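Here is a short briefing for a first look at this structure. Keep the 3D view open while you read.

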Amino acid sequence: MKKLRMLPGRVVKNILRGGMSWVNSHPKLRQYVMAITQRLGLYTVVRVIYSRLEGAPYQPRSRKTSGLTSADLSPRARQIYTDLKATLELKRRKNG
Amino acid sequence: MRIVIDMQGAQSISRFRGIGRYSLALALAMSRNAGEHEIWLALNGAFPESIPGIRQAFDGLIPQERIRIFEVAAPVTEVERANRWRICASEKIREFFLQQLKPDVVLVSSLFEGYADNAVTSVGAFAAQQLTAVILYDLIPLLNQKNYLTNEAQRDYYLRKVESLKKADLLLAISEATQSEAITSLQAAQNQVVNISAAVDERFRSIALSKERIHQLRSHYGFARKMVMYAPGGFDQRKNFEGLISAYSMLSAALRADHQLVIVGNMNVDKHDYLIKLSKRAGLDRDELILTGYISDEELVEFYNLATLFVFSSKHEGFGLPVLEAMACGTPVIGSNCTSIPEVIGLPDALFDPFSPQDIAEKMARALGDQSFRDKLRAHGLSQAKSFTWDGCAIQAIDALEKLVQAKRSALASTDNSGTVPELIQAITDIDDAGKPTDSDLVTVADCVAFNTGRITPRQLLLDISEIVQRDAKSGIQRVVRSLLREFIENPPQDMEVRPIYFDGMRYKYANTFTAAFTGRQPRGETDEVVDFCQDDIYLALDLNAHLTDKVHDIHMRLQCCGIRLYFIVYDILLVQHPEWWPKGTSVIFEAWLRSISEVATGLFCISEAVAEEVRAWLKQNPPQRLSGPRVSSFHLGADVENSLPSKGIPEGAQAVLDALNVNPSFLMVGTIEPRKGHAQALAAFELLWEQGIAVNLVIVGKRGWLVDKLIDRLSQHPELNRRLFWLEGISDEFLEKVYAACTCLLVASEGEGFGLPLIEAAQHNKPIIARDIPVLREVAGEHAFYFKGRSPKDLADTITFWLALNRKGAHPKSEGMHYLTWQESALQLKKQLGFDVAHKGRKC
């Protein structure tokens, strides 16, 4: 284990890449590995590692709501947004 | 009567607690006992992870269309003061949403929500006329404010909820004690609060544990003696650990030597240390008190069944669910004589004064030392537990709601109860005491209101054509996309609006510009607007957009949660079955897409039953992380070339080629030159035939693909090229028609296909077919092709020789009469699988 830790990161990465590539080239083995990692609850972790090694970003699920801009709105939503702004502006003027 | 149940109690942080179980179990029981009433569920979209489970729980009980999602202007956690305006706006948005469902009454499963998550509850914040009932679990913080409402934010939050509670038309209390507390502390009218009680699910029952299992539990949790159990269901002061531990220390040495006190439930380190300190102070040995920490529900049932005695020393409960759970498991139970606990236990002899350790100790001593008393407690507990059922709770709840609606109907009949969006906008802009909204708040609110209110226009059938909008690669898939798109636009399903859409890298947009060019009609808008997704819309991905997976997966997840049905066409899954047939890395992208769609799709439409079978097998080996997988079905592609928008053009020298093909029997291969298509085997087979002096031509129509460099070299430098070997690269559909006519037989040597359109094209030209014996080709061609096996050149050469002999006798299988669909019929099949009522039939060549 100590020896493994002493290896440079890129060597470990290359070993992992090689291993994954070999598994990848054996479809049945790969499906078996996928099934096992899913059963063990490790699929997400493995997928993240795999994606990182392959350079493909893995995005976890998240909700959209915050960080929206008016460019993200459908025409109907934009109309509501415009009405909201207009009503607020009217109120502001009324209140001086 | 339409009852809309706000299910946030089963979605929020509470879903991990008794409130969550109660909310779900009661709503399920109400659905089972609804009779002529309609049950609708309102779910908060801010808890997407809870939605699939709730949908599945109600599957078959209520139509999925009655499960409606609403969005709130998150973040709206009450603990953050900065969220105040968004909370107030969201309360109005939610009430407006509920109003749009036209309920006779709204039932709020849990009002005291949203302090630390994005749950939003209120009564009378917008829809003051709306009849609202609330499940009331307890008012313990209100009655013990010094202990429970210790900080200002908590206090403000709780008291605001109490004000909402007071506006409710009906409170459904979970015990007589809570009912009584509500009447007293809220000054509610007697008939305004009804006890509907509570129940436990069927998991809590008497079970026999094996010796091995008992040994496992004992060694894992460190108890060796008989168990005196307490499952407090929380660790606040009222749970009375002090009284219980003190009482336990008063037991005789003999009883203590025979038993251990086991406190079950999750607790933090501070609580753990506190209880250890308490036990030390009471003079208990370290091994006399066992603290299990978190245990699973299954283990909880086992603990109840193992316990010699269950002691419930709490001083204040809304109901006291652990008491009922223990009794249902046949555990002898003693408990406090205050609040709701006596009505749950139902046996005065089993009660003690929780404020007197001496009284608790005496009752424990009696129960532990007297077998006949324990037998009595056990028998009574089992019988008493049977009187608490979810169906009973539901019937009482529905009865109370019926009475409420009947009583208020005449008063409400004259009131206009339907709010409008302008009214909502006015109400939101009238929020004065919660700070000012930012522009981002207004955007979020507008987005929520638009989603929640839905459209007046018909539902949308959204056809995702993200790939073809960017570029038409003229691939087989894109030919399908074009053909189906045209059919759907020309003949939209009834009451649906067909809208082609695409992903622009940030969001989905209507493909207005593309559609105008495609149909030759006026564009629907000046620009491609952002898609207005609404519940009940249908999304169908016609294109294969594997490269977009990472960007669209979360959007698809959200759409799925929001009740939009998502369907994908699966052309084949060869990339995961045979990644070696494609350039390195291609299969990774495809597999990510397949995994993504298997997680979000309502259904996968495969272009043949063979592909559907393969997808089902793949899903079995790679189960998606969801409660139930997508429905997998198949449809067939159309094959009427005239409706495939064929390309035109005859190249120079075409006639010379056609003339050459007419000289000898010519075998035609159609499709991109790629490893799976079997071109290498075919070329080698024909070289053998030519060596044997057999006069035959091999005609390859198809573009150069990938991983075929050597083969391309062989083809382009072949001595028979343009003599007996012809390679026609990138020819138009018009010229292909003529090539078909000039050839003798279609050769399909492919080792993997999604459908096999050239088989039908050959049949339309009355050309015989030689095909590799694989399921999909058999599915398409049936008895109308001559099949071969084997991968060696000789296997195929022998097949062709044999076929030529059959052909000379006219005994080869004929392609005439092969069944196929037009694109119109193909689209009809697809529409049927989308749930539209259509009839379709195939035709014969």
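From the N terminus on, the elements of chain A run α-α-α-α-α. That makes five helices and zero strands in chain A. The model is a predicted one. The points below start with chain A and then turn to a sheet and a helix pair in chain B.

**Chain A**

- Chain A has 96 residues, and 11% of them count as buried.

**The sheet in chain B**

- Strands of a sheet pair through backbone hydrogen bonds, either parallel or antiparallel.
- Chain B holds an open sheet of six strands, and the pairing is parallel.
- The strand order in this sheet is 10-9-8-11-12-13.
- Strand 10 (289-293) and strand 13 (351-352) of chain B are the edge strands, and each pairs on one side only.

**Strand 11 and its neighbours**

- Strand 8 (residues 226-230) of chain B pairs with strand 11 of chain B over two bridges, in the parallel sense.
- B:M229 has B:F310 in strand 11 of chain B as its bridge partner.
- Strand 11 (residues 309-312) of chain B also runs parallel to strand 12 (residues 333-336) of chain B, and three bridges join them.
- B:V311 has B:I334 in strand 12 of chain B as its bridge partner.
- Between strand 11 and strand 12 of chain B, the chain passes through helix 13 (residues 321-328) of chain B, in a right-handed β-α-β crossover.
- B:F312 has B:G335 in strand 12 of chain B as its bridge partner.
- Are the residues of strand 11 of chain B buried or exposed? B:L309 and B:V311 on one side are buried, and so are B:F310 and B:F312 on the other. Both faces of this strand are covered.

**A helix pair in chain B**

- Two packed helices are described by the angle between their axes and the distance between the axes.
- Helix 21 (residues 476-490) and helix 34 (residues 823-833) of chain B pack at an angle of about 75 degrees, and their axes are 9 Å apart.
- Angles of 65 to 115 degrees count as roughly perpendicular, and helix 21 and helix 34 of chain B are therefore roughly perpendicular to each other.
- Helix 21 of chain B makes the contact with B:S483, B:L484, B:E487 and B:F488.
- Helix 34 of chain B makes the contact with B:W823, B:Q824, B:S826, B:A827 and B:L830.
- By class, this contact of helix 21 with helix 34 of chain B has five nonpolar, three polar and one charged residues.

Terms used:
Residues are numbered from 1 along each chain as its sequence is written. Chains are lettered from A and ligands numbered from 1 in the order in which they are written. This is a predicted model: local features need pLDDT of at least 70, side-chain atom pairs count only at pLDDT 80 or more; totals for chains, interfaces and linings use all residues. Axes are lines fitted to C-alpha atoms, for helices over the stretch in contact, and angles run from 0 to 180 degrees between N-to-C directions. Helices (H or I, at least four residues) and strands (E, at least two) are DSSP runs, numbered from the N terminus. Angles under 35 degrees count as roughly parallel, over 145 as roughly antiparallel, 65 to 115 as roughly perpendicular and the rest as oblique. Two residues are in contact if their C-beta atoms, placed from the backbone, lie within 7 Å. Ala, Val, Leu, Ile, Met, Phe, Trp, Tyr, Cys and Pro count as nonpolar, Asp, Glu, Lys and Arg as charged, and the others, Gly among them, as polar. Two strands pair if DSSP finds at least two bridges between them. A residue is buried if 20 or more other C-beta atoms lie within 10 Å of its own, exposed if 12 or fewer, and partly exposed in between; C-beta atoms are placed from the backbone. A crossover is right-handed if, with the strands pointing away from the viewer, the path from the first strand over the helix to the second runs clockwise.
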